[in-house]
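Try each task before you read its solution.

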Amino acid sequence: MAARMREFDWASSPLGRPEDWPPSLTTAVRICLTSRFPMIVWWGPDLRFLYNDAYLPLLGTKHPVLDKPGEQVWGDIWHIVGPMLHGVLATGEATWSEDVLLPMNRYGYWEETYWTYSSSPVHDDSGAVRAVFTAVTDTTERVIGERRLAALRELGARAGIARTVDEACRLVADVLGRAGADVPYAAIHVRRPGTDDLVLAAVTPGGSGNEEGWPLREVLADGVPRTVSGLTAKFGELPSGGWSTPPVEAVVLPLPGDAGGPAIGVIVLAASAGHAVDESYRTFLGLVAQQTAALVNGAGPLGTEDRALLALLSGTLAHALRRAHRDDRQREVALALQRSILGPARLPEGFAVRYEPANPPLEVGGDWYDVIPLDGDRIGIVVGDCVGRGLAAAAVMGQLRSACRALLLEANSPSHTLTALDRFAVQVPDALCTTVFCGVLDPATGTLTYSSAGHPPATLVHRDGTAEFLDAGGSVPLAVRVPEARPEATAVVPVGSLLMLYTDGLVERRHESLDDGVDRATGVAHDAHDAELSDLASTLMSSLRPDDGYEDDVALLLYRRTVPPLTMEFEAHPESLAATRHWLRAWLTDAGLDEDLEQDVLVAAGEACANAVEHAYPAGTGPNAHLSVRLTGAHLVVTIADHGRWKQPPPDNHVLRGRGMPMMEALADAVTVRHDTEGTTVTLEWRVGS
Amino acid sequence: MESRFVTTALTLVPGPGDEGDRILTVTGEIDMSNAAEFGSALDRELAAGTAVTVDLTAVTYLDSAGVAVLFDRADAHDLRLVATRLLTRVLQVSGLTRVAKVTIR
């Protein structure tokens, strides 16, 4: 545009030669020309049109229109933008307009376009408004994309309501009747069972459902979609869906049968005359047909459970994901959807998860995890792995995760959940052979009831480093045989032990047995046992990652049962030792330490408490002392702090100078005594289980 | 002594043994709050001049305060100790097993 502007015969324009332009116009034009954002300068009382390269695609075939009065350039929308621009000239106040519908005729047809633009005044040296500066964004794709997504979602939400095929078709026609901007006309023709005859089942309001002239039988016979154009000549004017011109093009699509069976009918979907029938429009219409088929196939008497399932099966999310991912401009929508199907962002106390899809930048894959709060303070735990990777696997995953969550909330038992999930998975294409671990945990007792559909066993890494594989409740992957009751088993997660669930991507390596991988994971988990759980999860992911990255999706879920640390004040008096010991003993029992260790801790801590008492005794009314105990992984730490003023133990201190200190040193793995002006702090440490 | 919270529970029951010796049966916990009481009771039995068996099988806590009471008397007297496995570590670690006859039941 810069070249075009230089070569332009400005002498013939009211603007005159550029060297004579007021500085504000020169500046505005320079900003406009160097920007990669579509911009316009509307100059003077007749708003002469100056624009940049980025603006060219917005003009379509109108270009070139340099220096033309605005009304001549945008006559089609001048009734909307004209008053707005003149308003800026008159008042000097900027405006902001968002997603404004501006029907334009840029390519020989009336097009539905949406724009977000800001218009600000350009002043000359005297302060008068001489021009309007407009920055503009074409939001058509986003606005229409969101509208189409909403229509698909609404279709999906109708799942499980219809009891008959006719009812399902009428529901679809109702929804599409409200989506006229994208589907101005739709007719559903259903195959009469056992024949090749088609019967009109439903049509959108205002349509005839006429069969004559449509390639219905051809599409039914070979399953290949057809495009029909020149609609008005063939069928008269079809409903326009609120647009100014009736549709000119329609697609006729097969309605695929259940699980690859023969087509159950065909659907006619007219395209709005307001949009080119491009790739994204065709995809949308194809998805409408698929949703319709899903609704029709799913029609029939249903139990409440099936209804819930089908609502999830609708797969709106998966389809929307596929649709959204295609379009880079809808990347944000895609990311939000991906995160929504992945799993909860907030986890209950004691849990950590890691997720790494094999196909970045995609944020989801075929693996999933879920942590579900259930009634009775129990927690549902699910880890699953769909066959394959990438978007296709993610689409299946999203459906199975939602279904499994809903079932677990309803059924509450892992075996019932997986048995029902079998029935569900049969209806989801490509869900076959998905592996799932499903467990219900009572954090208070550590009781874990679980069932596994062919999933690698959950591993309990105990404090002593031994691994316990929870392989008792195992059976085949999902949907591989006629559903039958699945087994269930129970295990106990002791305090301090680590429950480790993962998908095989974490441990699988080429040229290596799976057992080696499992052993390596267990080893890393034990070595990092004392770490904070989140760090432990990160360590597992990084230590097990092959040099060239994980080949498959990886989901990792960790749970560690802990006892909250004990902290208490006690009076520095011999009489308070028994009570202190009582609380410590109760805490140690909760922590599940073995009896011998419990006694060692009790005596060593007792010695340190006695030392604190000695500092204040025999005065008797000394300040309080402080006891705290915490267990992190296998690391047990007891701290006893007093406020004695002794920098060194006094000569008559029986504990530190007598038998107490050697006793602590013999009973604890490590003893640290620190004296300072605040008092004395004794720290006792143990490595539990080794 | 006035009790403040849960005082350290200790009962001391003296009695005759099978072989003319004395037995002091101890129940509860021994710490610095009652070690002196334990020492006095033990001294009363030792005063007879015979062997004394201290039955600690019903003792659930014994720290260096109690150990010191036993140590102080082990050299000059024929002191025998009976305890459960629970106290083994403390008795060994303190070195009591070297100066008194200890039986673990």
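**Exercise 1.** Work out how many helices and strands chain A has, and what share of its residues is buried.

*Solution.* In this predicted model, chain A holds 21 helices and 26 strands. Next, look at burial: a residue counts as buried when its relative accessible area is under 20%. Of the 690 residues of chain A, 54% pass that test.

**Exercise 2.** Check whether the length of helix H14 of chain A agrees with 1.5 Å a residue.

*Solution.* Begin with the residues: H14(A) covers 390-411, which is 22 residues. The expected span is 1.5 Å times one less than the number of residues, so H14(A) should span 32 Å. Now compare: the end C-alpha atoms lie 31 Å apart, which agrees. Just past the helix, Asn412(A) has a positive phi of about 70 degrees.

**Exercise 3.** Describe how strand E3 of chain B pairs with E2(B) and E4(B).

*Solution.* Start with E3(B) itself, residues 52-62: 8 of its 11 residues are buried. On to E2(B), residues 22-30: it runs parallel to E3(B), joined by 8 bridges. Thr25(B), for example, has Asp55(B) in E3(B) as its bridge partner. Between E2(B) and E3(B) the chain passes through helix H1(B), residues 35-46, in a right-handed β-α-β crossover.

Then take E4(B), residues 79-83: 4 bridges join it to E3(B), again in parallel. Here Val54(B) is partnered by Leu81(B). From E3(B) to E4(B) the chain goes through helix H2(B), residues 64-74, and this β-α-β crossover is right-handed.

Note on methods: Residues numbered from 1 in each chain as written. Chains lettered and ligands numbered in written order. Predicted model: local features only at pLDDT ≥ 70, side-chain atom pairs only at ≥ 80, totals over all residues. Heavy atoms only, no water. Helix = DSSP H or I, 4+ residues; strand = E, 2+ residues; numbered from the N terminus. Buried < 20%, exposed > 50% of the residue type's maximum accessible area, 1.4 Å probe, protein only. Pairing = 2+ DSSP bridges. Right-handed = clockwise from strand over helix to strand, strands pointing away.
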